Amino acid sequence: MTLSWREYPQTSRFDELITSEGEPRPEAQLLCGHLADLGLEAVRQRQQAAEAAIVNLGITFTIYSEGDNIDRAWPFDIIPRLLSLREWQRVERGLIQRITAINLFIGDLYGERRIIRDGVFPVELLHQSKNYRPHCEGMKPVWGSWAHICGSDLVRDGNGEIHVLEDNLRVPSGVSYMLENRMLTKRVFPELFRRHRIQPVDDYPAQLYETLAALSPRPGDHPRVVLLTPGIYNSAYFEHVYLAQHMGIELVEGRDLIVGDDDCVYMKTISGLEGVDVIYRRVDDLFLDPEVFEPESMLGVAGLIRAWRKGKVALANAPGAGVADDKVVYAYMPEIIRYYLGEEAILPNVPTYKCLEEAERRYVLDHLGELVVKPANESGGYGMLIGSFATRQQMEEMAGRIEADPRNYIAQPILSLSTVPTLSPEGLAPRHVDLRPFILQSKETYVTAGGLTRVALRPGSLVVNSSQGGGSKDTWIVADV
């Protein structure tokens with residue numbers, strides 16, 4: 001069966017590969033020409049080869065809501081998403097600007113609070129924050145960095161402009177799938193990597209290790225870095241194993257660590273206790289240390305915050321960094337960037353209504369059918385309402401939740417997200433996508449070349465989360481042609 005881009009369904013939305021005239025964009029011409037030469041049947045065969053490799057390699061993700069049978073093969077579509085290197089360089093500058101301002105903001109909140117004193121950020125938001133940790137007040141992490149690993153979600157609107165949708169700062173996940181997607185694409189389309197100048201992503205584990213090692217309280221010595229996981233039942237356990245293996249560090253659970261009388265952290269080994277300098281923790285703040293947070297937690301290590309505060313161990317991300325991982329704080333990012341850096345944001349936010357503001361709340365309640373409403377601290381698409389798909393009862397229930405707790409909700413217009421050609425039973429069809437690049441910051445700052453493209457596999461759906469039926473694609477940053 002032939003594959004003709006002229007027959008690709010045209011929509012009013014921005015497509016990442018195909019123009020509104022049905023022609024491939026300049027950076028996608030080689031790829032689209034190659035796919036057309038292969039034909040649809042050959043492309044399907046390569047999709048099947050990728051899916052078989054995913055099963056054989058055990059690339060999985062976990063859905064909590066499906067009981068005991070919770071591991072699923074990773075959903076992957078072999079048609080990549082492309083961005084030109086010229087456009088990406090601007091995005092990269094915007095992400096570096098953003099993480100720099102975020103770290104200055106977090107440090108200020110736990111320190112002098114100048115931004116509150118100067119009337120730029122309301123103190124009420126801080127008092128009502130679910131992720132503010134008083135135990136972190138006065139701390140000054142090395143390099144001034146609190147959020148060492150950030151995953152910022154980007155979307156492109158109908159006019160082709162890229163916006164930041166949200167910043168994930170607590171335990172952002174997905175980078176292992178970005179790396180596996182590249183490996184799978186190389187398997188099924190090796191010839192394309194000889195013809196395209198595609199920016200590599202496979203240095204991420206080395207860059208992550210360097211970011212973590214730079215936090216060591218023993219500069220100059222070879223640090224011992226470990227990855228702290230909640231265990232095999234965590235939805236991101238595949239990623240924890242993957243990153244530990246590729247960095248060459250130990251994967252540990254809370255029961256493998258102990259804080260000694262000297263306030264140093266030690267790992268239990270068959271040779272006895274061995275010191276730990278840096279912990280890449282994938283455990284949420286509240287379960288990190290039963291001495292300070294949840295006393296019943298079996299996932300953390302008693303005394304860990306004490307060791308961190310005394311500078312005996314580094315934690316990444318730092319406890320308390322999640323105070324900026326709040327969709328209401330996100331709404332203030334343009335002001336935060338302007339306040340700390342004296343610059344306008346390179347990457348704009350999606351326009352956002354803050355329900356804690358009376359006038360904006362009234363607008364949201366009057367226009368629920370036209371908006372996306374999100375709780376401030378949820379992730380994975382949970383608790384969200386997309387007005388155009390909601391029933392009257394769902395909108396009434398959301399209105400009640402907003403009225404009861406306006407601080408906990410924001411709303412945004414329903415964007416006409418960009419699309420990418422995706423294999424469907426009918427052939428190649430446009431499906432909505434977002435993009436999650438990963439940003440590292442300690443002594444140096446690093447941004448992945450592209451990131452994890454998530455795709456809504458259902459026709460018309462805007463929900464890209466894998467836990468809710470979404471899939472993924474490889475992302476190519478290609479030199480301009």
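R224 has a relative accessibility of 22% and therefore counts as partly exposed, since this class begins where the buried one, under 20%, ends. In this predicted model, R224 forms a salt bridge with E274, and their closest N and O atoms lie 2.3 Å apart. R224 belongs to the loop between α8 and β6, whereas E274 sits in strand β10, so the pair ties together parts that are 50 residues apart in sequence. E274 is likewise partly exposed, at a relative accessible area of 26%.

Side chains of opposite charge can pair when their charged atoms come close. A second example of such pairing is the salt bridge between D277 and R218, in which the closest N and O atoms are 2.8 Å apart. This pair also links distant parts of the chain: D277 is found in the loop between β10 (272–276) and β11 (278–281), and R218 in the loop between α8 (204–213) and β6 (225–228), 59 residues apart. D277 is buried, with a relative accessible area of 5%, while R218 is partly exposed at 34% relative accessibility.

A further salt bridge joins the side chains of R306 and D263, at 2.5 Å from N to O. Here helix α10 (residues 304–309), which holds R306, is linked to the loop between β8 (257–259) and β9 (265–269), which holds D263; the two residues are 43 residues apart. R306 is partly exposed, with a relative accessible area of 30%, but D263 is buried at 8% relative accessibility.

Salt bridges may also form a network, as they do among E16, R81, E87 and R156. The count of salt bridges in the model comes to 31.

How values were computed: Residues numbered from 1 in each chain as written. Predicted model: local features only at pLDDT ≥ 70, side-chain atom pairs only at ≥ 80, totals over all residues. Heavy atoms only, no water. Salt bridge = Lys/Arg side-chain N within 4 Å of Asp/Glu carboxyl O. Helix = DSSP H or I, 4+ residues; strand = E, 2+ residues; numbered from the N terminus. Buried < 20%, exposed > 50% of the residue type's maximum accessible area, 1.4 Å probe, protein only.
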